[in-house]
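Subject: Structure handover

Hello,

Here is the structure we talked about handing over. My notes on what was found in it follow below.

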Amino acid sequence: MAAGGSAPEPRVLVCLGALLAGWVAVGLEAVVIGEVHENVTLHCGNISGLRGQVTWYRNNSEPVFLLSSNSSLRPAEPRFSLVDATSLHIESLSLGDEGIYTCQEILNVTQWFQVWLQVANPPPSAPQCWAQMASGSFMLQLTCRWDGGYPDPDFLWIEEPGGVIVGKSKLGVEMLSESQLSDGKKFKC
C-alpha cells in the first residue's frame, strides 16, 4: 500500500457478500402464463420434501401480503388459497393480477422465490385477414391482423383444400410467388 492509504474495511466486503447472496436467492425465478377468468397455481420454488412456513406477497412498489400457511393470518382475498400448504392458487384471473409474486419460506433458513405471472385477454374481435397483389411484382401478399391480445399471436397460413402450410410468422404477413398461385386457390389464417 502507498503511504497514507488504507485498506478497505472487511465489513464492507461482508455487506457486499450479503447483498449478492440475496440476489442469488431472489434470482430463482419462474414465469407462469395464465388466462383471464381461469385459475392458476404458482409454485414456491422447486424444493420437494419437508417445507417450512410459507408466506406469499405481491410485489408492487412495496410487497403486499396475500396469504400465509400460518392459519392465524387470513388471505387478502377469498380467491387466494394454498395448495399443498406452499403453492399460491389464484381463482378467476384478471389482467390486474399480472406481476411478480414472491414466496417466503422459513424452515432452518429464510428463502425467497419469485414467480412472474403473465395474464393472457384474447382480443375482443376476430382476426382480420386479406390478400392483395404486392406492388411492382407478381407476388400475392397475405395479411392477417389480430390486435389487442396478449401475448402477441403466432399466425399460420394454410392453403385450402389440403391443409398445406404456406407460412408462419408473428407479423401475420406472408408473400407467395406466382408459382404458388392458381385460380380458385383459398388460403386460411
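To begin with a single side chain, Glu-77 is partly exposed, with a relative accessible area of 33%; buried means under 20% relative accessible area, exposed over 50%, and partly exposed in between (1.4 Å probe, protein chains only). Please note that this is a predicted model, in which local features need pLDDT of at least 70 and side-chain atom pairs count only at pLDDT 80 or more, while totals for chains, interfaces and linings use all residues. Residues are numbered from 1 along each chain as its sequence is written, and side-chain values use heavy atoms, with hydrogens and water left out.

Salt bridges

The structure holds five salt bridges, a salt bridge being a side-chain nitrogen of Lys or Arg within 4 Å of a carboxyl oxygen of Asp or Glu. Glu-77 is bridged to Arg-79, with 2.8 Å between the closest N and O atoms. Arg-79 itself is buried, at a relative accessible area of 19%. Arg-79 also forms a salt bridge with Asp-97, at 2.5 Å from N to O. Arg-79 sits in the loop between β4 and β5 (80-83) and Asp-97 in the loop between β6 and β7, so this pair ties together parts that are 18 residues apart in sequence. Asp-97 is buried, with a relative accessibility of 5%.

Another of the bridges joins the side chains of Glu-160 and Lys-188, at 3.8 Å from N to O. This pair links distant parts of the chain, with Glu-160 in strand β11 (residues 155-160) and Lys-188 in strand β14 (residues 186-188), 28 residues apart. Glu-160 is partly exposed at 31% relative accessibility, and Lys-188 is partly exposed at 46%.

Overall make-up

The protein chain has one helix and 14 strands; helices (H or I, at least four residues) and strands (E, at least two) are DSSP runs, numbered from the N terminus. Of its 189 residues, 29% count as buried. The chain exposes about 12,500 Å², and carbon and sulfur atoms supply 57% of that (accessible areas come from the Shrake-Rupley method with a 1.4 Å probe; for residues, only the protein chains shown count as cover).

Nonpolar cores

The largest nonpolar core has 19 residues, and those with the most contacts inside it are Leu-42, Trp-56, Leu-88, Ile-90, Tyr-101 and Leu-117. A nonpolar core here is a set of buried Ala, Val, Leu, Ile, Met, Phe, Trp, Tyr and Cys residues joined through side-chain atoms within 4.5 Å. At least two residues of this core come from each of β2 (40-42), β3 (53-59), β4 (63-68), β6 (87-90), β7 (99-106) and β8 (110-119). The most comes from β8, which gives four residues.

A second, separate core of seven residues includes Cys-144, Phe-155, Trp-157 and Val-166. Cys-144 is part of strand β10 (residues 140-145) and is buried, at 0% relative accessibility. Beyond its neighbours within four places in sequence, Cys-144 is in contact with residues including Cys-129, Phe-155, Trp-157 and Cys-189, where contact means heavy atoms within 4.5 Å. Cys-144 and Val-173 are 29 residues apart in sequence, with their C-alpha atoms 6.4 Å apart in space.

Aromatic pairs

There are two aromatic pairs. Rings of Phe, Tyr and Trp (its six-membered ring) pair if their centres lie within 6.5 Å; planes under 30 degrees apart count as stacked, over 60 as edge-to-face and the rest as tilted. Tyr-57 and Phe-65 are edge-to-face, at 6.4 Å centre to centre and 75° between the planes. Tyr-57 and Trp-112 have ring centres 6.3 Å apart and planes at 35°, so that pair is tilted. Tyr-57 lies in strand β3 and Trp-112 in strand β8, so the pair ties together parts that are 55 residues apart in sequence. Tyr-57, Phe-65 and Trp-112 form one aromatic cluster. Phe-65 is partly exposed at 28%, and Trp-112 is partly exposed at 34%.

Ser-68

Ser-68 belongs to strand β4 and is buried, with 8% relative accessibility. The side chains of Ser-68 and Thr-55 are joined by a polar contact of 3.2 Å (a pair of N or O atoms within 3.5 Å; within protein, one must be able to donate a hydrogen and the other to accept it, and residues adjacent in sequence count only if both atoms are side-chain atoms). The Ser-68 side chain also reaches the backbone nitrogen of Asn-70, at 3.0 Å.

Regards
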